[in-house]
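This report describes selected packing and pairing features of one model. The sequence and structure come first, and the description follows.

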Amino acid sequence: MNATEIILAIQENIARVIKGKPHVIEMSLVALLARGHLLLEDVPGVGKTTLAHSLARSLDCSFKRIQFTSDLLPSDIVGVSIFNRQKQAFEFMPGPIFANIVLADEINRTTPKTQSSLLEAMSEAQISFDNKTYPLNQPFMVIATQNPAEYHGTFPLPESQLDRFLMRLRIGYPSPEEEKKVLHRSQLLHPAEELQPLLTAHDVLLLQEQVDHVLMEESITDYLLAIVQCTRQSDLLSLGVSTRGALALSRAAKALSLVRGRTFCLPDDIKELAPIVLSHRIMVARTQGIRQRSFEQAERIIQDLVESIPVPV
Amino acid sequence: MPFDQALRFASIWLASTSFIGLALGAGLPEWLAALTGAALIVAFLRNRGHKSVERLARFSPISPAGWNLLVIVGFLGFWVDMLWVSGELLPAGIHFLMILMIIKLFNLKLRRDYLHLYAISLVAILASGSLTTDLWYLPIFLLYLLAGVWTLLLFQLTKHPEETQVLTMSGTVRSQASASVHLVTPQFFWLANGLAFATFGLTLAIFFTVPRVSAGFYQKGVGENMRTSGFSETVNLGEIGPIKRDPSVVMRVELADGSPNKADGLYLRGVAFDQYDGKAWTNRLGYRRSVNEDGTGAFVLLGNRSAAPARLGETIRQNILLEPLDTPVLFAAPFIERVSGKFPSVQSDLTGSAYLPFPSSSRIEYSVLSRSNPVLPADLSSEPSLYPESFTRHFLQIPVQSERIAILAKEVTHTQRATFDKVHAIQSFLAHNFHYSLDAPLAELNHPLEEFLFSRKTGYCEHYATAMVMMLRTVGIPARLVTGFLATEWNEYGNYYLVRQQDAHAWVEVYLPHSGWITMDPTPPSLESVGSNSPAWHALGRMMDTVRLQWSRFFVQYSAADQLAVVRELKAGGTSARNKALDSMGTLFNPFMAMVGGIKEYVFNGTISSLAEVLGLALIGLAFFLWLGIKRPWAKAMAGKKTTRDQQPIVQLYGRMIGHLARKGISKPASSPPLEFVRLTQERWRDAGSAVGSITELYCRARFGQISPTRAELSLAEGHLRYLMALHKP
């Protein structure tokens, strides 16, 4: 089975659980293959957790879920040192972050202190604790969810934290037909539990390596940079896309090419990914109204910007 | 046209130009020229894919070993040829070269065969270049250069099948043998031609400015001098007639003081004769002495100082370019006073003619100051007088059998008393009572002059002039016959007289006691003309002659001295242009003027000699080229355009598709990437969707994936495009 077929199989696998959302499934795989982290932002009950769960189940990987609450402490994520009487020494007890796929549920419910404990894990894939550095499992992916509708008692993620997510996705409500299928399914078991793993952790690492070999032609790189440059100069935005953002878009485009069975990137990839990869990395200028942090508005602005940039021919 | 086919065409073209060059320059034997030509045509037709030729070639009875044997036979033939047949290395080598070319043309299979063909062509064009200095070599060489650039480019761009391998993602090596299609695009076409002409221009610049050390090894050998007649010690009457139909160019005469009086023509005096024996003229005064040089490089002929005390004679300064003739005579308008040219020495005889020590084997250029003798008033009324015996022996000599002529002369002149009037009477008698024709077979007769005067009354310049001299002498007036050329053909493009063999002429010089020798011509203007009659043709011919002359002057005989002259001229022009620019700048930036002037003085009035400047320029040029080669400033620009080669055809095809769709009302927005555009097209024109989709897919693979489409894929895409073009949009 080659890369394309495997990826297709995983998508079909997840699609058995998440009905009518092939695009979201595809993008979550892109995030996985691009060694990125995923931020799912949507109202409760549309399958955010289920998506993360099914993805983890499809891979033969360890999966941990952390429910973020206002009293969650960094040690609840990273782990604690406990005194071992027999050894007469402190012993590090790894927290739930030491898994391949970590679901950070309701990430904006916890305090910034706890949120930032994820920072190092997400960018360097390692944890420093008690002057010691512990590497995390590979592959490592954080899937965080947050609820945009409810702001009471939340701590919005800071820009630095947001920047570490490869993409921000919305799932959205399914169509009535798809919803009907969901209702008809037997509810005895969590649907994700039925899934069979298709890939080992090692396979995922191989796939991630293949992403690096995807060809991005020079003119496409220029196109990408033109988009990034445009966000930095636009009057609509008070903060443009960082270099990490450009890197993320490039990696995501390569991963998307692989997911779609190509060995090279197309301008289409960049154009399609730009809103979901870049929209959470920008700050909309205050002149654009009070709903500054609105997801839709940022996405729309990015879309408009992309439409203004000529595609290489 | 695919690159492979274009390469084959260009190779045959290359071989053809070098063959034509050799055929024109070396005078190949007819059978060899015909054979080579046939081989070239067959090779060309095979490349065009003519079936019958291909079949013929397949039935070729000669095996590879047979071809090798042929080469050996050809080599043996070369030795035989060199030792016994042509007896020289160069012609034998050229014949062998042609045989090699024929054999190669029938065996063009591998790439190294092509390389061999190029080497043979190179040697052939070099050989033809060393054998000729004619103008036709220029177009042939230009064609060769063009073909050379094409073949080199194409040879580099077409690759071995094993050279085209593509590293795929999985790390394995995938062969793309014959998969990629290279087409000769218009851009490529113009690039190649532009390169060729740029090369030519650069070479020309180098030719004119970069100093050369010495001439090449293959200097043109001693050519055959043009035969002419009428300028030797003895000239039979009627000898000039035959060459009066020969249009080959003998010399070109520039007048230093502007354009001439065209109606008269210009008499170019060669040799004078004093003795006539009834059939032939002899120059008894032909003893030649060396002429002294006056220190400025000019040779002064003292004997020609005018006899007239008041030097009223009209001076004519001429620059003469004389083709190699079989006579050492230096032609010029009468009478030569000074000759200057690149001669070691000049001789003159007692009749005032100038000679080289021996005939020149190459074209020579010299300038002459001549002064004609005017008829002084004292001579207009003087009567025939007595002359010393040493003078009468030469210029009043009469052959024995000329009583009839004496009677005729007396008849013509008895009404006149003055010498000058008698001369005029005889001249007009001859001019009006006789008939000019080149068809007079008088030379074979025993008494050609009597025949001319009394029975046929038809002849040409020699007969007229001889008759006049004899008649003058019988009435006691000293006279002599002069041969030379009468230049009448003025080339308005080059501003010179073009003198041909057919302009050979004979006329009379009459001695008047006070004035000296006076030029008289009894021959009426000829009504016959030789060659084509259309004035347009004449003008074209004159123009061509000018071009030929410039070619010879500026290229064939271009020397280091000329180079220095060009550089000096450039420098002078450059300095004046600089001065002008500085002047105009000075009015604008007065404060800077002093400083700029100081620098200018320092730079241009320094001790740098022009040669050093040339060398410096050459070094700077060399450094520039080295810099270009090392830094490769274009490499950066090229890096982003990797598509220019393999992907070109499909990218162009995609462009045509986009253009076609735009004409159909579906134009591609600038911000729309390829796949998005396919969806857009499918929405708006369902039938076109699949064709557009498949072309776009190929395009994306080639353009962004760097995977060249195969020939089959490309033709499929072309089919899709044709389908799209034919499709009717609802």
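Through how many residues does a hairpin join β21(B) to β22(B)? The hairpin between β21(B) and β22(B) runs through three residues.

## Basis

This is a predicted model, in which local features need pLDDT of at least 70 and side-chain atom pairs count only at pLDDT 80 or more, while totals for chains, interfaces and linings use all residues. Residues are numbered from 1 along each chain as its sequence is written, and chains are lettered from A and ligands numbered from 1 in the order in which they are written.

Strand β21 of chain B spans residues 504-512, and nine of its nine residues are buried (20 or more other C-beta atoms within 10 Å of the residue's own, with C-beta atoms placed from the backbone). Helices (H or I, at least four residues) and strands (E, at least two) are DSSP runs, numbered from the N terminus. In a regular strand the side chains alternate between the two faces of the sheet. Ala504(B), Ala506(B), Val508(B), Val510(B) and Leu512(B) point one way from β21(B), and His505(B), Trp507(B), Glu509(B) and Tyr511(B) point the other way.

Strands pair if DSSP finds at least two bridges between them. β18(B), residues 479-487, runs antiparallel to β21(B) and is joined to it by seven bridges; Gly484(B) has His505(B) as its bridge partner. With β22(B), residues 516-520, β21(B) forms five bridges, also in the antiparallel sense, and Leu512(B) is partnered by Gly516(B).

## The seven-stranded sheet

Chain B also holds an open sheet of seven strands in the order β9-β12-β15-β10-β4-β20-β19, with antiparallel pairing. Its edge strands are β9 (298-300) and β19 (489-491), each pairing on one side only. The twist averages 25° from one strand to the next.

Within this order, β4(B) (residues 249-255) and β20(B) (residues 496-500) pair over four bridges. Arg252(B) stands opposite Leu498(B) of β20(B).

## Helices α1 and α7

In chain B, α1 (residues 3-26) and α7 (residues 137-157) pack at about 155°, with axes 8 Å apart. Axes are lines fitted to C-alpha atoms, for helices over the stretch in contact, and angles run from 0 to 180 degrees between N-to-C directions. The two helices are therefore roughly antiparallel (angles over 145 degrees).

Notes: Parallel < 35°, antiparallel > 145°, perpendicular 65-115°, else oblique. Buried ≥ 20, exposed ≤ 12 C-beta atoms within 10 Å, placed from the backbone.
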